[in-house]
Amino acid sequence: IQADGTDGDCVTFVLHDEDHTLGNSLRYMVMKNPDVEFCGYCITHPSESKINFRIQTRGALPAVEPFRKGLNDLMGVCQHVLNTFETSMKEFRAQK
């Protein structure tokens, strides 16, 4: 959902069936981008399973780009953690 009165550099995304696990991790990844001026999220209500995720860029690029890059970077980090875990488990089982 795009925020009113902007031309794409300030957007609020509604992520359904998500909580702090994705919100905080994604916020960290998006804030690593130097073109992002603000990034934050809030849980709308404890009984609702959705978050509002807001990104504001410095105007050089649309907010959807750092959002997409943040998701891709987070998937890469998660894949690295999974690969490292699986490798360690194989090594551990091989020692027994």
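UniProt positions are given in the numbering used here, and such annotations may be inferred rather than shown by experiment. With that in mind, the UniProt record, an unreviewed entry, lists residues 10-83 as "domain: DNA-directed RNA polymerase RBP11-like dimerisation". The model looked at here is a predicted one. In it, the span 10-83 is 43% helix and 31% strand, and its end C-alpha atoms sit 35 Å apart.

Now for the sheet. It is an open one, built from 3 strands in the order β1-β3-β2, with antiparallel pairing. Strands β1 and β2 (36-43) stand at the edges with a single partner strand each, so one side of each has no neighbour in the sheet. From one strand to the next, the twist averages 15 degrees. Two helices pack on this sheet. Helix α1 touches β1, β2 and β3, and its direction makes about 175 degrees with that of β2. Helix α2 (residues 64-95) also touches β1, β2 and β3, with its direction at about 120 degrees to that of β3.

Strand β1 (residues 10-16) is mostly covered, with 5 of its 7 residues buried. It pairs with strand β3 (residues 50-57) over 7 bridges, in the antiparallel sense.

Finally, methionine 31 belongs to helix α1 (residues 20-31). Is methionine 31 buried, exposed or something in between? With a relative accessible area of 35%, methionine 31 counts as partly exposed, because that label covers values between the 20% and 50% cut-offs. Leaving aside neighbours within four places in sequence, methionine 31 is in contact with Val36, Phe38 and Cys39. The C-alpha atoms of methionine 31 and glutamine 95, in contrast, are separated by 41 Å.

Methods:
Residues numbered from 1 in each chain as written. Predicted model: local features only at pLDDT ≥ 70, side-chain atom pairs only at ≥ 80, totals over all residues. Heavy atoms only, no water. Helix = DSSP H or I, 4+ residues; strand = E, 2+ residues; numbered from the N terminus. Buried < 20%, exposed > 50% of the residue type's maximum accessible area, 1.4 Å probe, protein only. Pairing = 2+ DSSP bridges. Contact = heavy atoms within 4.5 Å. Axes fitted to C-alpha atoms, helices over the stretch in contact; angles between N-to-C directions.
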